[in-house]
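Subject: Structure for your review

Dear colleague,

Please find below the structure that I would like to hand over to you.

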Amino acid sequence: MTTDGPTAFAPIPDPGRHLTAPTTRSALRIQHQLLSAAREFLREQGFTELLPPIIGPVTDPGSRGSKQVDVDFYGHRYKLMTSAILYKQASLLAFDKIFCIAPNVRLEPLETAGTNRHLAEFHQLDVEVAGATRDDAVRLVEELVVHMVDSALRELPKEFAGLGRDTGAFTELLKGSFGRMRHAEAVAELQGLGHPQSPDAELDWAGEALLSAQRDRPFFVTDYPKGSRGFYDREDPEQPGLLRNFDLIAAEGYGELCSGSQRTNDYAEIVTRIRETGENPQKYRWYLDLVREGVPGSAGFGIGVERLTRYVAGLDAVWQAAAFPKVAGVVSP
């Protein structure tokens, strides 16, 4: 395995050594249990699992800093999915509560190779609920994560012991009631710590890690400013300029695990928001046609599967939670 540029982490071993390494095998067993528990929980809650597309005419434009990948689909320019968000909303025409485990490809900037928490190819546990609010989604992801982590701890004690993971680190998590702070509060805390966080942007990677390192349980950051996220996040009518969205950030410095929001399903608002980002609404014609005809309002989220695995297993880097990791700038199978 070779690299096209310098990286700030230990080189990824070749597939044979990686797949047979005890750390990899334990991490993937934990990942399997986390996903099994998620499926169990969501099905008991009445969710239907769908298989999302890998390519489409457009994909999520809100992936910060990363590039999209074009593919030639019989003479048409299609995209590899960076997120299933548009398809999640469309799927609510069939079922009120859906989930999927979706592959995503994002060509992340080369500097992300040294963050230990970015992959160019990864998976999300995507969930969407018709008629739900942002607060409904927050409660759901909180209950879901507690169930997933509790299941892994109960079923795989030997794997955690082999990894040297201190399972006492999850004491507060298992109690539920994750912490919660508004984006403006997070910005103020970071600036108080000497970190130059912009009040108009998403929390940057270093800021997330800084906040994360000061907590003993996961916590939500809510109410990001308009313009910092995708056009599908609903603006709060009671607080113009703020979005009804959230991130879930892990404890111990592991950073963001999940992003979600209440979605807007107002055609005129979505078109306006697309134009505000400098994009042509015509690109999203199939999606906008569905919205015009009537897509239900909803709320949902996506949990980074490899990031959650890294946090639960206590791994040094997120690539250790992937069987065939793809890291920015690293040419690999």
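This is a predicted model: local features need pLDDT of at least 70, side-chain atom pairs count only at pLDDT 80 or more; totals for chains, interfaces and linings use all residues.

Residues are numbered from 1 along each chain as its sequence is written, and side-chain values use heavy atoms, with hydrogens and water left out.

Helices (DSSP H or I runs of at least four residues) and strands (E runs of at least two) are numbered from the N terminus. Helix 8 covers residues 267–276, and its buried residues are I270, V271, R273 and I274. Here buried means under 20% relative accessible area, exposed means over 50%, and partly exposed lies in between, with a 1.4 Å probe and protein chains only. Viewed down the axis of helix 8, these buried residues fall within an arc of 165 degrees, so they line one face of the helix; the arc is that of the directions from the helix axis to the C-beta atoms.

The N-terminal end of helix 8 is capped by D266, which has a side-chain oxygen 3.3 Å from the backbone nitrogen of A268. After helix 8 comes G278, with a positive phi near 85 degrees.

Helix 9 (285–294) is included in what covers the buried residues of helix 8. From helix 8, Y267, I270, V271 and I274 meet Y287, L288, V291 and R292 of helix 9, where contact means heavy atoms within 4.5 Å.

Helix 10

Helix 10 (residues 305–313) has 8 of its 9 residues buried, so it is largely enclosed by the rest of the structure. Among the elements covering its buried residues are helix 2 (22–44), helix 4 (134–155) and strand 12 (298–304). Just after helix 10, G314 has a positive phi of about 75 degrees.

Two buried serines

S298 lies in strand 12 and is buried, at 1% relative accessibility. The side chains of S298 and E128 are joined by a polar contact of 2.7 Å, that is, a pair of N or O atoms within 3.5 Å, one able to donate a hydrogen and the other to accept it, with residues adjacent in sequence counting only if both atoms are side-chain atoms. The C-alpha atoms of S298 and E128 are 6.8 Å apart, although 170 residues separate the two along the chain.

S212, in helix 7 (residues 205–213), is buried at 0% relative accessibility. A polar atom of the S212 side chain lies 3.4 Å from the backbone oxygen of A251.

N116 is not a glycine, yet its phi is positive, at about 65 degrees. N116 sits in the loop between strand 6 (97–105) and strand 7 and is partly exposed, with a relative accessible area of 24%. S177, also not a glycine, has a positive phi of about 50 degrees and is found in the loop between helix 5 and strand 8 (179–182).

Yours sincerely
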